[in-house]
Amino acid sequence: MVDIKSMTLEELTTWLKDQGEPAFRARQVFQWLYRGVTSFEEMTNLSKPLRQKLVETALLAPPQVARRQMSQQDGTVKYLWRLRDGSCVESVLMRYQHGNTVCISCQVGCRMGCAFCASTIAGKVRDLTPAEMLDQVLFTQIDSGAPVSNIVLMGIGEPLDNFDTVLRFLTLVNHPDGLNIGMRHISLSTCGLVEQIDKLAQYELQLTLSVSLHAPDDETRSKIMPVNRSVGVEKLLETCRRYFEKTGRRISYEYAMIDGVNDADWQADLLAKRLRGAPAHVNLIPLNQVEESPLKPSRRVAAFQKRLEGHGVTVTVRRRLGGDIDASCGQLRRRAMREEQ
Ligand code: SAH
């Protein structure tokens with residue numbers, strides 16, 4: 001079976017042409033796919049034989065809603081999707097003044113091992129396909145009735161550890177006949193895989209790159225983020241500077257505030273010092289407590305913010321959405337796994 005929904009319009013055109021179909025068919029099929037049809041029978045402007053051929057040769061496997069949680073506080077909706085092979089991933093719909101944003105996953109689980117993150121507890125099961133990433137956006141939109149204008153790759157998994165798929169996904173959502181979501185409306189978050197950041201820079205995409213920094217010193221960062229042990233903060237920040245020079249896009253640094261681990265004044269001072277030299281934005285994230293982890297949320301978020309601002313750093317504190325519904329990374333999947341055991 002061909003993974004038709006992971007194809008670009010150009011690939012689909014070639015594929016259909018090889019089977020004797022006229023070129024305009026490809027656009028028709030493509031548009032149906034992005035309307036979120038769940039079977040080829042729904043593609044009513046295609047001939048019956050073509051529909052039949054698609055049923056026999058092409059894969060259309062929409063995810064099932066395994067769980068849906070709605071925040072009573074702010075309209076955030078969290079989805080646990082069950083994929084074709086039974087694996088589950090999460091997406092979150094967040095409603096902001098500037099439009100609806102969907103946060104999606106790129107892998108089933110994660111192999112990065114960050115100490116504070118629920119997604120990585122049982123390791124990585126597999127990469128998602130472009131179609132599986134796309135379907136999270138499409139079906140969140142369809143199920144919630146909320147048109148999505150922004151996408152963040154901040155769900156389960158490490159986007160740059162599934163590089164080619166993520167790149168293809170970006171091409172698909174960007175396509176005018178697809179979702180037509182502009183790169184400036186997309187954020188990609190990484191734990192800091194330096195070679196892949198350099199590789200991404202070559203494409204000069206206008207998306208926002210978020211780097212999960214979480215500590216300015218190697219001792220702390222290596223303790224909570226194993227990825228740091230081989231590279232180190234200095235080399236990561238050098239890579240980020242190169243990324244900025246190549247793309248012209250300011251990098252956003254995420255910093256989850258953990259009690260007694262990364263929230264000291266000296267760490268704010270060091271962070272400010274190390275970020276000097278290139279435009280940067282720091283996003284402080286109040287730690288979401290993960291059941292399996294002993295790490296606690298910091299009580300020093302405001303003080304840390306003030307200290308950074310004192311050094312001239314641009315800082316925001318992430319607003320907590322969906323606090324009543326396990327709405328952070330991998331927590332709903334973990335809960336479902338525990339309950340199913
Ligand atoms: N793998 C990517 C994207 C996934 S996580 C990355 O590492 O950036 C999206 C963001 O949420 C990352 O900054 C991640 O470090 C952060 N995060 C993970 N668990 C968290 C928790 N329990 N509390 C607060 N932030 C968390």
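**Charged pairs, loops and the whole chain**

Modeller: Glutamate 132 and arginine 126 are both buried, where buried means under 20% relative accessible area, exposed over 50%, and partly exposed in between (1.4 Å probe, protein chains only). The model is predicted, so local features need pLDDT of at least 70 and side-chain atom pairs count only at pLDDT 80 or more, while totals for chains, interfaces and linings use all residues. Residues are numbered from 1 along each chain as its sequence is written, and side-chain values use heavy atoms, with hydrogens and water left out.

Biologist: In what kind of interaction do the side chains of glutamate 132 and arginine 126 meet?

Modeller: Side chains of opposite charge can pair when their charged atoms come close. Here the two side chains form a salt bridge, with 2.9 Å from N to O; the term requires a side-chain nitrogen of Lys or Arg within 4 Å of a carboxyl oxygen of Asp or Glu.

Biologist: Which residue forms a salt bridge with arginine 25, and are arginine 25 and glutamate 21 buried or exposed?

Modeller: The partner of arginine 25 is glutamate 21, and their closest N and O atoms lie 3.8 Å apart. Both residues of this pair are buried.

Biologist: How far apart are the closest N and O atoms of lysine 124 and aspartate 127?

Modeller: In that salt bridge the separation is 3.1 Å. Lysine 124 is partly exposed because its relative accessible area is 31%, and aspartate 127 is partly exposed because its value is 28%. Through salt bridges that share partners, Arg111, Lys124, Asp127 and Asp161 are joined into one network. A search of the whole structure finds 24 salt bridges.

Biologist: Where is arginine 319 found, and with which residues is it in contact beyond its neighbours within four places in sequence?

Modeller: Arginine 319 lies in the loop between β12 (314-317) and α12 (331-340). With those neighbours left aside, arginine 319 is in contact with Arg95 and Tyr96, contact meaning heavy atoms within 4.5 Å. Arginine 319 counts as exposed because its relative accessibility is 51%. From arginine 319 to proline 130, 189 residues away along the chain, the C-alpha separation is 29 Å.

Biologist: How many helices and strands does the chain have, and what does its C-alpha trace span along the principal axes?

Modeller: The chain has 12 helices and 12 strands, and the trace spans about 70 × 45 × 35 Å. Of the 341 residues, 56% count as buried. Among contacts between residues at least 6 apart in sequence, 66% join residues at least 24 apart.

Key: Helices (H or I, at least four residues) and strands (E, at least two) are DSSP runs, numbered from the N terminus.
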